[in-house]
Amino acid sequence: MQNLRTTENRQGSIAMGECNGDAYVSVGELDSPRIDNFKKVSLLPLVFLIFYEVSGGPFGVEDSVQAAGPLLALLGFLVFPLIWSVPEALITAEMGTMFPEAGGYVVWVSSALGPYWGFQQGWMKWLSGVIDNALYPVLFLDYLKSGIPALGGGLPRIIAVLVLTSVLTYMNYRGLAIVGWAAVLLGVFSLTPFVVMGLVAIPKLQPSRWLVVNIHSVDWNLYLNTLFWNLNYWDSISTLAGEVENPKKTLPKALFCALILVVVGYLFPLLTGTGAVPLNRELWTDGYFSDIAKIIGGVWLRWWIQGAAAMSNMGMFVAEMSSDSFQLLGMAERGMLPEFFAKRSRYGTPVIGILFSASGVLFLSWLSFQEIVAAENFLYCFGMILEFLSFIRLRVKYPAASRPYKIPVGTVGAILLCIPPTILICTVLAFSTLKVVVVSVGAIMIGLVMQPCLMYVEKKKWIKFSTSTDLPDLHGANQGSVNSVID
């Protein structure tokens, strides 16, 4: 474990660099808070880790067709990435290379808005990530239950969730490099049957089916939540930036490649499924692609798709748990959480963070697919608003700070970049049900109270809090004669 020092007067600002003539020092030029004895993640595994953070394949997009029909589903996965995914990926590339450490977006918000809001960001994003991870055992079993009906409910389903969660949690414990290459293998296996299904379906395609739409029957709440859930979480990879080889160059490249892979991975199966099979919107729910595979290619293709779905959900689970657990480690290294969260295993993985994340998954796995997606999206939206505000504030107040990757727009362009996704966030929030609003707001209130409670615990020295000495000094002391630019 990294050397830690107890912090008595912890400040919330992070020194980013101050202009002194033409010279400045920045976070991006300091060593990442990493342990060099452990193998780091290279480009290809990083691409597939991002792929699984965001997508994992077309499993879960079926509800978009049920909610809005083929045309709006296809248009949604064409337009939505431009409004949401591209801005989020660009901001992640700039901020992630600026702060290449386990805290990720928590450090971004802390540097711009202070430690209180940094903690709120960490709480909301960790909670939304754990809620997100609770989906994957559900999706996994939903795809298998058509072939194994016993997994549809009762004791067999409960046992399956426990076993699956335990096995995948152990994989996370064994190391991020293993998780990364496992994601590559799982990704290839998960996407290949859809390529085969698309080729087999060519004689059956009827392009006119792609144009079916009925605006009056659209379920906008389900439609927007499905699109939002399938195309967000680009920022999650930032919590792993400290574990990446040369993150300044590798992270932007990986985000670009993953963006293309995600969009194509959604559109191709949707074009195949909606074009080759007569439309029955009621059947388009999670798990329906396996039924389409049987109609197009037979039982063998159906089993292949079901196996691919199972492998995909395993990949999404391990990728999300990696981000969630390393985020907790990063918060502990910044003194926001007790020191024991910074403990690493002999494989370099955050033991306590993994256990906390796995416990949250088991606790939430009884919820339905739609309930999980809606609650997760609500919390995620508030976290993204804090990220956009932090991105703009750092651009405005500290334009000279070193940015290894910088979005090629000025301050006005940075503000304009955040407007479309912010409008989308407001739209998603407006369509939330009362139940989701009550539960989500309650979770946010817990975070608002939790931070001052933890500060009180630290003040009383009931639990030890520490800040890693390998991180840039919060006061700018590590930067020699250069003073901190953030008060």
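This is a predicted model: local features need pLDDT of at least 70, side-chain atom pairs count only at pLDDT 80 or more; totals for chains, interfaces and linings use all residues.
**The chain overall**

- Among contacts in the chain with a separation of 6 or more, 85% come from residues 24 or more positions apart.
- Searching the whole structure for salt bridges turns up eight; three of them are picked out below, two around Glu 94 and one between Lys 464 and Glu 339.

- Glu 94 sits in helix α2, which covers residues 62–98.
- One partner is Arg 395, whose side chain meets that of Glu 94 in a salt bridge at 2.9 Å, N to O.
- That pair brings together distant parts of the chain: Arg 395 belongs to helix α13 (residues 369–397), 301 residues away from Glu 94.
- The other partner is Arg 403, with a salt bridge to Glu 94 at 3.1 Å, N to O.
- Here too the link is between distant parts of the chain, since Arg 403 is in the loop between α13 and α14, 309 residues from Glu 94.
- Are these residues buried or exposed? Both Glu 94 and Arg 403 are buried.
- Glu 94 has a relative accessibility of 0%, so it counts as buried.
- Arg 395 counts as buried as well, because its relative accessibility is 4%, and the cut-off for buried is under 20%.

**How α2 packs against α14**

- Helix α2 also packs against helix α14 (residues 411–430), at an angle of about 120° and with the two axes 9 Å apart.
- Why call this pair oblique? The angle is about 120°, and 65 to 115 degrees would be roughly perpendicular while over 145 would be roughly antiparallel, so α2 and α14 are oblique to each other.
- The crossing of the two helices is left-handed.
- On the α2 side, the contact is made by Phe 80, Ile 83, Trp 84, Pro 87, Leu 90 and Ile 91.
- On the α14 side, their counterparts are Leu 417, Cys 418, Pro 420, Pro 421, Leu 424 and Ile 425.
- By type, the residues of this contact come out as 12 nonpolar, with no polar and no charged ones.

**The loop between α15 and β2**

- Lys 464 and Glu 339 form a salt bridge through their side chains, at 3.6 Å, N to O.
- Lys 464 is in the loop between α15 (434–460) and β2 (466–468), and Glu 339 is in the loop between α11 (299–333) and α12 (351–364), so the bridge ties together parts 125 residues apart in sequence.
- Lys 464 counts as partly exposed because its relative accessibility is 49%.
- Glu 339, at 18% relative accessibility, counts as buried.
- Phe 465 is in the loop between α15 and β2 too, and at 3% relative accessibility it counts as buried.
- What separates the C-alpha atoms of Phe 465 and Ala 332? The answer is 7.5 Å, for two residues that are 133 residues apart along the chain.

How values were computed: Residues are numbered from 1 along each chain as its sequence is written. Side-chain values use heavy atoms; hydrogens and water are left out. Axes are lines fitted to C-alpha atoms, for helices over the stretch in contact, and angles run from 0 to 180 degrees between N-to-C directions. Helices (H or I, at least four residues) and strands (E, at least two) are DSSP runs, numbered from the N terminus. Angles under 35 degrees count as roughly parallel, over 145 as roughly antiparallel, 65 to 115 as roughly perpendicular and the rest as oblique. A crossing is left-handed if the near helix is turned anticlockwise from the far one by less than a right angle, and right-handed if clockwise. Contact means heavy atoms within 4.5 Å. Ala, Val, Leu, Ile, Met, Phe, Trp, Tyr, Cys and Pro count as nonpolar, Asp, Glu, Lys and Arg as charged, and the others, Gly among them, as polar. A salt bridge is a side-chain nitrogen of Lys or Arg within 4 Å of a carboxyl oxygen of Asp or Glu. Buried means under 20% relative accessible area, exposed over 50%, partly exposed in between (1.4 Å probe, protein chains only).
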